[in-house]
Amino acid sequence: MRKIFAGIIVLTLIISGCGTTITEQDLQGKWIYKKVSYLKENPPVIQQGEALAKKYPYLEIEKGGKLSIYSEGREISKGTYVLEGNIIRYEEVLEGDIKRKIPFLIKSLKNNQLTFETMDSNTISVVAQKE
C-alpha cells in the first residue's frame, strides 16, 4: 500500500513539474506575426507567407505592462496588460479614452515562438516569432 501511495506521489510531482511557467520577461520584446488564422470563418481564413509579411504585423510587449500592436507601418492598437498564468489580459485604449478588454490565451511559448488566441467572439489564432 505504501509503495502504491509513494508511486502516486512521485507520478503527481512529475506531471505537475512538466508545466512551464510563463513570465512577463519571457513575453517582452517584438513578436512578428508569421501566421494568422481566423478560426470562426467557415472555412477558417489563414494568412501567412508573403501576403502576411507585406503587412508586417507585430506585437510589442514592454516592461511596465505596456502592449502595442502594429501593422502596415502604423500602430493599430495600444494599451496595457497583466499576465495571469497563461492568459494575457490586454486592455486596449481606444479614441476618447474608451477601454476594451481582450484576453489572449497563450497556447505555447518555445524556441522564441509564441502561439496565442484571442478569447472573444472572433477567435483569432496568431503564431509569432520573437525578433
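A residue is called buried when its relative accessible area is under 20%, exposed when it is over 50%, and partly exposed in between, as found with a 1.4 Å probe on the protein chains only. The views below show a predicted model, in which local features need pLDDT of at least 70, side-chain atom pairs count only at pLDDT 80 or more, and totals for chains, interfaces and linings use all residues. Residues are numbered from 1 along each chain as its sequence is written, and side-chain values use heavy atoms, with hydrogens and water left out.

**View 1. A salt bridge joins E131 and K30.** The two side chains meet at 3.8 Å, N to O, where a salt bridge is a side-chain nitrogen of Lys or Arg within 4 Å of a carboxyl oxygen of Asp or Glu. Because E131 lies in the segment after β9 and K30 in strand β1, the pair ties together parts that are 101 residues apart in sequence; strands (E, at least two residues) and helices (H or I, at least four) are DSSP runs, numbered from the N terminus. K30 counts as buried, at 19% relative accessibility, whereas E131, at 61%, counts as exposed.

**View 2. A salt bridge joins K54 and E50 in helix α3.** The side chains meet at 4.0 Å, N to O, and the residues, being four apart in the helix, are separated by about one helical turn. K54 is exposed at 65% relative accessibility, and E50 is exposed at 62%.

**View 3. A salt bridge joins R100 and E92.** Here the side chains meet at 2.6 Å, N to O; R100 is partly exposed, with a relative accessible area of 43%, while E92 is buried at 6%.

**View 4. The largest pocket has a volume of about 510 Å³.** A pocket is an open set of points on a 1 Å grid over the protein atoms alone, where a 1.4 Å probe fits, with protein on both sides within 12 Å along at least five of seven lines, and its lining residues have an atom within 4 Å of a point. Of the 23 residues that line this pocket, Y33, Y38, I69, I76 and I124 lie nearest its centre. Elements giving two or more residues to the lining include β1 (29–38), α3 (49–55) and β9 (124–130).

**View 5. The second largest pocket holds about 150 Å³ of space.** Its lining includes T20, D26, K107 and K130, and β7 gives the most to that lining, with five residues.

Key. Grid points are joined across faces, edges and corners, and a volume is the space filled by probe spheres set on the points.
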